Amino acid sequence: MPPPPPPPLLLLPLLLLLASVSTVNAAAVGACNGQVAYCSRSYSNVTQVVSHDAPFVGPDVWDNQNVTVAAQLALGVRFLQLQTHNDSKSVLSVCHSSCDLVNAGSLASFLASIKAWLTAAGNEREVLTLLIANGDFSAPGLFAAAFVAAGLDAYAFRPGSAKLALAAWPTFQALIDSGKRLVVFMDYKADLAVVPYLIPEFTYFFETPYDVTSTTALAGCAIDRPAGGSAAGAMYLINHFLDYEVVPGLDIPDVANAPTTNSAASIMAQVQKCLSLGYGRYPKGILLDWIDVGEAFAVERALNGV
């Protein structure tokens, strides 16, 4: 069933106030990702804040986040996006654009930290999503080796070879009951016949444009990837982060405008645009830089009605 229209912008202050009192309690009895309401909902039918370039943390101009991945998870992020490249020793690593620019360590090490969080006491009812940007178009077997090395492959959801319809995605409760509490998408080179838990992103999603440098473009909702993609039967991700053009061809994350970019009004303007284009549902994911800034989590709760 399509979602109801999103709240008018004039009502947002009241709705966000109501959402803000709905605190996330991951240890709540019977809750799924901190909310009892999510347990009976299909994975495809819950909107989530997504930390864009989650592992790239710090004050440098190429960083995208202020706080560590552990701190992001503590804030309530349950959907992490990251980039991978091969380092100078051909080790598959978590790197920003190039391992010569920013190298956050091996993918296996990053995944080990994810497993530690997923299996920690109090997190037994948490479902986590990873979206991997395969920057060097590496073979899926290299990713599988990293998941196995981290001991994380056993927790990864396997959708099967036939494409799942939107309504056929398991509920959060079903994912928890099955022990498959990690959902992994990869943009390029994913092949379920080779690695049954690396889910091809663009089989299930479309994305809005990224690396935009104007607030006008930020509020758009055209389908950017996959080329020629359709909204029919697809989840979608809105890339709601703003870059600053230093010189033509060189953009950096726009941290100065993060409070405005991550405001409820800005996020909701893009959601409203998406619905006006007839997509028929809220975005599955809202990708943001500086995840600790702004009102994203209150928007997430408001869109999910909790």
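**Entry 1. Helix α4**

I began with helix α4 (residues 140-150) in this predicted model and listed its buried residues: Pro-140, Phe-143, Ala-144, Ala-146, Phe-147 and Ala-150. I then looked down the axis of α4 and found that its buried residues fall within an arc of 160°, so they line one face of the helix. I noted as background that an α-helix has 3.6 residues a turn, so residues three or four places apart point the same way.

Against which elements do the buried residues of α4 pack? I recorded the strands β2, β3 (92-96), β5, β6 (182-186) and β7 (198-200), together with helix α3 (107-118). I also checked what comes after the helix: α4 is followed by Gly-151, whose phi is positive, near 70°.

**Entry 2. Nonpolar cores**

I turned next to the nonpolar cores. The largest has 55 residues. The residues with the most contacts inside this core are Leu-80, Leu-107, Phe-110, Leu-111, Phe-147, Leu-182 and Leu-198. I had already listed Phe-147 among the buried residues of α4.

I looked up Leu-80 in detail. Leaving aside residues up to four places away in sequence, Leu-80 touches Ser-51, Ala-54, Val-69, Gln-72, Leu-73, Phe-110, Ile-114, Thr-129, Leu-130 and Leu-131. Another core, of 27 residues, lies apart from the largest one, and I noted Val-46, Val-50, Val-127 and Ile-176 among its members.

**Entry 3. The largest pocket**

I then examined the largest pocket, which holds about 650 Å³ of space. I found 32 residues in its lining, and those closest to its centre are His-52, Asp-53, Gln-83, Tyr-210 and Asp-211. The elements that give two or more residues to this lining are β2 (79-86), β5 (128-134) and β11 (250-253). Sorted by class, the lining of the largest pocket has 14 nonpolar, 10 polar and 8 charged residues.

I followed up Asp-211, one of the residues closest to the pocket centre. Asp-211 sits in the loop between β8 (205-207) and α7. Its phi is near 60°, a positive value in a residue other than glycine.

**Entry 4. Cavities**

I counted 2 cavities of 30 Å³ or more. Of its 16 lining residues, I noted Asn-33, Tyr-38, Gly-76, Arg-78 and Glu-300 as the closest to its centre. Helix α10 (residues 296-304) supplies the largest share of that lining, 3 residues. By class, the lining of the largest cavity divides into 6 nonpolar, 6 polar and 4 charged residues.

The second largest cavity holds about 50 Å³ of space. I listed its lining as His-240, Phe-241, Leu-242, Asp-254, Ala-258, Thr-261, Asn-262, Asp-289 and Trp-290. These divide into 4 nonpolar, 3 polar and 2 charged residues.

I selected Thr-261 from the lining of the second largest cavity and placed it in helix α8 (residues 258-261). Thr-261 has a relative accessible area of 6% and is therefore buried, the cut-off for that term being under 20%. Which residues does Thr-261 touch, not counting residues up to four places away in sequence? I recorded Leu-218, His-240, Phe-241, Leu-242, Ser-266 and Ile-267. Of these contacts, His-240, Phe-241 and Leu-242 also line the second largest cavity.

I then moved to Met-268, which lies in helix α9 (residues 264-276). Met-268 is buried, with a relative accessible area of 1%. I also looked up the separation between the C-alpha atoms of Met-268 and Ala-37: these residues are 231 residues apart along the chain, and the atoms are separated by 22 Å.

**Entry 5. Backbone details**

The peptide bond from Arg-225 to Pro-226 is cis, with omega near 0°. Pro-226 is found in the loop between α7 (215-218) and β9 (235-239).

I also examined Ser-97, a residue other than glycine with a positive phi, near 70°. I located Ser-97 in the loop between β3 and β4 (102-106). With a relative accessible area of 44%, Ser-97 is partly exposed.

Conventions: Residues numbered from 1 in each chain as written. Predicted model: local features only at pLDDT ≥ 70, side-chain atom pairs only at ≥ 80, totals over all residues. Heavy atoms only, no water. 1 Å grid on protein atoms, 1.4 Å probe; cavity = no way out; pocket = protein on both sides within 12 Å on 5 of 7 lines; lining within 4 Å. Points joined across faces, edges and corners; volume = space filled by probe spheres on them. Helix = DSSP H or I, 4+ residues; strand = E, 2+ residues; numbered from the N terminus. Nonpolar A, V, L, I, M, F, W, Y, C, P; charged D, E, K, R; others polar. Buried < 20%, exposed > 50% of the residue type's maximum accessible area, 1.4 Å probe, protein only. Contact = heavy atoms within 4.5 Å. Core = buried A, V, L, I, M, F, W, Y, C linked by side-chain atoms within 4.5 Å. Arc of directions from axis to C-beta.
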